[in-house]
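Please walk me through how to read the sheet, the domains and the ligand shell of this model.

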Amino acid sequence: MNRTMAGFDSVSNEVGKFSLASKTVLVPEMSRSGSRLLVATLRGFGVDAQLMGTYEGLHLGKRFTSGKECFPCQVTLGDVIHRLESEKERLGDSFRAENYLYCMAEAEGPCRFGMYTRLHRIVLDSLDTCSRVGIASVTSADSYSIGGALHRRLHSRLRRTAFVAIAIGDVLDRMLWRTRPYGRGQGQADAHYEHALTTMSSVIEAHGWHKGFPRILNTLEQIARQAVDIVDPSVSPKPLIGIVGEIYLRSHTASNQNLIRLLESHGAEVVNASLAEWLNYVPYRLAQKAGRNAAYALGRRDFGSLYRQLRIWLHHRTELAYQYLRLDQVYRRVTRHLSIQEDHRMGRVERQLNDDRIFSFRLGTEAPLSIGGALECGLAGFDGIVNVFPFGCMPSTMSSAILRPILEQLQIPYVDSVYDGTVQPNREAVIRTFMYQVAEHQEARLAQRESGRAPRLTAVNTEPTKWRSPTRPRRAV
Ligand code: SF4
């Protein structure tokens with residue numbers, strides 16, 4: 001009898017924090033580099049982690065959902081069912097679903113990301129092959145704490161190493177997008193990226209668990225040095241596009257139908273928002289929440305609660321400070337050799353949104369990051385913004401409604417790119433039109449610069465060989 005027939009207790013009992021010891025841990029692919037380096041980190045800590053193939057099981061994900069779910073929920077469900085069925089086929093009678101743990105993150109807040117694991121549990125319970133697989137989830141509600149997964153003394157180390165690995169994944173992606181449009185030879189940048197990913201995986205697996213960061217960073221710097229040789233300096237600067245939007249869709253190339261390559265094929269240089277951005281946003285918001293709760297406790301003269309909230313506040317601020325420190329170290333090793341776009345600080349993004357009364361971090365979701373990220377791109381002199389999201393995504397629909405009039409006022413070309421797994425015949429035409437506007441924007445921007453007039457919005461001159469974040473926040477509207 002499968003679990004659905006036995007009841008829905010498993011939705012709360014069989015989803016959560018489990019020990020990873022002696023299990024095969026299946027990690028879904030989101031960003032190729034981030035997921036692969038996360039797997040390397042886990043393996044370094046002795047976990048038998050494996051990266052699942054992706055998108056091959058989409059038909060399964062669609063078969064077991066109604067069509068009202070978010071697209072990433074269908075893709076990830078299809079990935080895990082497909083992997084378990086393949087394992088069963090490979091291992092035959094010795095296959096035991098209980099030997100596997102499926103990893104899935106979740107988030108608190110008003111959108112449906114908190115429900116993926118529950119829906120996945122219900123579907124997996126209804127399938128004989130999959131019903132005994134555990135779902136190990138980490139949640140943004142406790143800043144992705146991994147309590148219970150490994151020995152207690154390893155928790156903080158694993159979490160911090162995972163952050164560094166994901167930041168390095170972001171940087172490898174940015175090196176690829178920075179070099180590919182200016183590559184000397186066809187496929188050279190992609191080959192360098194593949195080599196870099198394999199090298200960084202091995203180094204992180206071997207040295208991440210004992211905080212071997214100097215060695216990891218040295219290897220990264222060596223990779224950045226090699227990347228410089230790929231760039232042909234005689235190629236003219238290409239218009240710069242910023243991608244914002246829903247984290248899974250913008251990072252998962254199969255789901256977004258390889259949008260970055262499509263934009264590049266039309267002459268763009270692209271910078272996608274990072275994964276580390278979200279990982280910084282989570283402790284930033286949790287610290288804010290603890291700060292508000294502490295103020296409330298002080299007003300009530302509840303000193304016990306005040307003490308607890310201050311401890312929570314301090315914990316999240318410390319984590320954030322650590323992450324910023326590591327992030328700076330990672331980016332510095334690369335920007336010494338190759339100029340790549342750096343990540344923005346959360347406080348700066350929030351100030352900009354607050355100053356202009358555009359949106360509030362208090363509302364949560366990814367919307368503040370998409371809106372704030374797009375405005376940051378505007379300030380840094382980008383020539384166009386693409387908002388990438390799954391069909392029906394609530395936070396991204398809000399972002400779109402807010403961004404469209406602001407960017408129109410700023411005369412920065414903007415387009416929504418929405419995905420649900422189907423092929424839209426007019427997408428190419430939309431991108432072509434967008435790229436025409438983007439090329440005009442670049443032309444006007446360069447002409448303004450040559451004539452000595454200050455660009456309308458640009459806070460720094462954006463050179464293809466050197467970017468710097470604006471040093472002072474400026475009002476966007
Ligand atoms: S962010 Fe969008 S796609 Fe993701 S769970 Fe929320 S509504 Fe769904």
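**Reading the sheet and its surroundings**

A: Leu101 stands opposite Gly134 in β5. This is a predicted model: local features need pLDDT of at least 70, side-chain atom pairs count only at pLDDT 80 or more, and totals for chains, interfaces and linings use all residues. Residues are numbered from 1 along each chain as its sequence is written.

Q: How many bridges join strand β4 to strand β5?
A: Strands of a sheet pair through backbone hydrogen bonds, either parallel or antiparallel. Two strands pair if DSSP finds at least two bridges between them. Strands (E, at least two residues) and helices (H or I, at least four) are DSSP runs, numbered from the N terminus. Here β4 (residues 100-106) and β5 (residues 134-139) run parallel, with 6 bridges.

Q: What is the order of the strands in the open sheet?
A: The order of the 5 strands is β1-β5-β4-β2-β3, with parallel pairing.

Q: Into which domains is the chain divided?
A: Domain bounds come from an automatic or database domain assignment. The chain has domain 1 (3-150) and domain 2 (236-274 + 343-477). Contact means C-beta atoms, placed from the backbone, within 7 Å; 13 residues of domain 1 are in contact with 18 residues of domain 2. Helix α5 (residues 71-91) gives the largest share of that side of domain 1, 3 residues.

Q: Which helix gives the most to the shell around the ligand?
A: Helix α16 (residues 394-409) does, with 3 residues. The shell draws at least three residues from each of domain 1 and domain 2.

Methods:
Two residues are in contact if their C-beta atoms, placed from the backbone, lie within 7 Å.
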